[in-house]
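User: I am new to this structure and would like to understand the terms used for it. Could you take me through them one at a time?

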Amino acid sequence: MAIDVVALRSRFPSLAHGFAFFDGPGGTQTPAPVAEAIARTMTGPLSNRGTVSVSERNAERTVAEFRAAYADLLGVPASGVVHGRSATQLTYDFSRHLAKTWRAGDEIVLSRLDHDANVRPWIQAAQRAGVAVRWIEIDPATAGLDLDSYERALSPRTRLVAVTAASNVLGSLPPVRLIADRAHEVGALVHVDGVHYAAHRLVDVPALGADLFVCSPYKFLGPHCGVLAGSPDLLGTLAPDKLVPSADTVPERFEFGTLPYEVLAGATAAVDFLAAMDPDGEEGHDGADAAGPAGLRESAGQGVPGVSRRERLRRSLRSLHAHETALRARTEDGLRALGDAVTVHSKAPERTPTLLMTLEGRDAREAQAHLAARGVVAPAGSFYAHEVFAALKLPDPSLRVGLAPYNDAEDVDRLLDGLSSFLRTAV
Ligand SMILES: Cc1ncc(COP(=O)(O)O)c(C=O)c1O
C-alpha cells in the first residue's frame, strides 16, 4: 500500500517551519514519537540497569527493547546488536578489536566508494599492525565498484574486506553479497557500512553476507547514535580492552560505560515509526517467512496483532522505495529539463534516491545559499567521501540532494524552481 505522505508529514514538528529538506543523507528530521520516547524515558523513573526497583527495570527494559528493535530491523539476533555513539566510533572500535588478530604481512581490502568512516580507521589500524592495504577501485563509467580490481586486490592473506552497501554521495549500491562471498572464499571477514543503505532498503545482514554491519539511526528518523550488528559467535571471539568490573558478555563487552537509555528509547521508537509507515498491516500473517532469519527476536513494538515487526518493516520499506523512486524520477526529469548547466554524477543502475550534482561554472556553495534563502535545504560539500571525490575528480564542493520519507512532490518542485532561478542569476 502507498505511504500516506500527508499523514506522515504531520508527524514531523520541524516541517511546520516550512523548509523542504533534502539533507536526509546527512541526517533526517525527527518525528514526534521519537522525541516523545526520549522525553518519556528521561522524565520517568530511571536508574542504572538492574532488576530491583522500577527505575532500574525501566533502564533494563529500554536496553532490551532497543536490541529487539534492531534485531528486527537488521535481521540478526538481539545479542548481536551493539550500541555506539556513532558509526564512526563503532568502526574505530572494531578496527582496533579486529587488528589484534592481524599479523604483519596480512592484507585488508578497502573501497574507494566509501565514506571516510569506513576507510581511515582501517588504514590506521593496518599501519599499526604492519598490514598492507589494497583497494577496490571505482569504475567511472558506472559510478560503481570495479570488480576486476577487487579480484586483483584479494589474496590468501586478506583478513578483512570493508565496503559500503550504498555510497552516501552517488547512491551507488555495490553487489555486497557477491563481494562478501569472494571475501569468505579467501577466509576474510566482511565489514559493511550500511549507514546510507539502511535509510532506503530493508537490511538483512546475513543475506548481505556481512560479518559486521554498521548503521546510524539519525539517518532514518532516529536520534544521533550508531548501531553495529554481527553474529554473536563472531562477537564472542573478539576481545576489546575493558574495565575489570564491566560485563564481559556479548554484546555488552563492546559498550563502554553507562548506556544513554533515552537515546536507545528514541532509536527503538524510530524502528517502530518506520514499521508503521505502511498502514497495510492487517492482511499479513506471522509465518516463519515473515519472522525473518533464524534467531530473530520477535517484535516487542506495537502494531497490528499477528504481523511481526520485521514483516511490517518489510512492507514499509517496500512502500518507501516506491515513494522515493517516484520522487527521484520527478527530480531527475526536472534536472534534465534544466539542460547542460546541471551535471548529475549519480548514474549507477542500482542506487538510492541521492543525487550528487555540479552546476556548470557555478560554485555549489552559492547554490546552497540561494536555495536556503528559499527554504530549501540542500548542502554543498564532499560529505566525507574523500576517496570518491579524489578517484572521480569530482568538484568539491558539489551539491547533494537526498530524498527522505517525508519529502513530497511540492518539495521537489521547490528545489527545481530554486535551481532554475539560481541558474538564471548572473555569474
Ligand atoms: C555512508 C556513511 N558512512 C558513515 C557515516 C558516519 O556515520 P556517523 O555519523 O554515525 O559516524 C556517514 C555519515 O554521514 C555515512 O553517510
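Analyst: Helices are DSSP runs of H or I with at least four residues, strands are runs of E with at least two, and both are numbered from the N terminus. By that rule E65 is found in helix α3, residues 54-74. This is a predicted model, in which local features need pLDDT of at least 70 and side-chain atom pairs count only at pLDDT 80 or more, whereas totals for chains, interfaces and linings use all residues. Residues are numbered from 1 along each chain as its sequence is written, and side-chain values use heavy atoms, with hydrogens and water left out.

User: Why is E65 called partly exposed?

Analyst: Buried means under 20% relative accessible area, exposed means over 50%, and partly exposed is in between, with a 1.4 Å probe and protein chains only. The relative accessible area of E65 is 30%, so E65 is partly exposed. The C-alpha atoms of E65 and T268 are separated by 6.8 Å, although the two residues are 203 apart along the chain.

User: What makes D116 buried, and what does it touch?

Analyst: The relative accessibility of D116 is 18%, and therefore D116 counts as buried. D116 lies in the loop between β3 (107-111) and α5. Contact means heavy atoms within 4.5 Å, and, not counting residues up to four places away in sequence, D116 touches P121, Y384 and H386.

User: How do you know that C215 is in no disulfide?

Analyst: A disulfide is a pair of cysteine sulfur atoms within 2.5 Å, and a search of the whole structure finds 0 of them. For C215 the nearest cysteine sulfur is that of C225, 8.4 Å away, and C215 is in no disulfide. C225 is likewise in no disulfide, with the sulfur of C215 as its nearest, at 8.4 Å. C215 counts as buried because its relative accessibility is 0%, and C225, with a relative accessible area of 1%, is buried too.

User: Which domains is the protein divided into, and how far apart are their centres?

Analyst: Domain bounds come from an automatic or database domain assignment, which gives domain 1 (5-29 + 324-422) and domain 2 (35-266). Their centres, taken over C-alpha atoms, are separated by 27 Å. The contact takes 34 residues from domain 1 and 28 residues from domain 2.

User: Why is the second largest pocket said to lie between the domains?

Analyst: On a 1 Å grid over the protein atoms alone, a pocket is an open set of points with protein on both sides within 12 Å along at least five of seven lines, a cavity is a set where a 1.4 Å probe fits but cannot get out, and lining residues have an atom within 4 Å of a point. Domain 1 and domain 2 both give residues to the lining of the second largest pocket, so this pocket lies between them. Its lining has 31 residues, of which T88, H115, V195, Y218 and K219 lie nearest the centre. The elements giving two or more residues to that lining are α4 (87-99) and α5 (120-129), and the largest share, 4 residues, comes from α4.

User: What lines the largest cavity?

Analyst: The count comes to 1 cavity of 30 Å³ or more, and the largest cavity has a volume of about 100 Å³, where a volume is the space filled by probe spheres set on the points, and grid points are joined across faces, edges and corners. Among the 16 residues that line the cavity, T28, A199, H200, K219 and L403 are the closest to its centre. Domain 1 and domain 2 each supply at least three residues of the lining.
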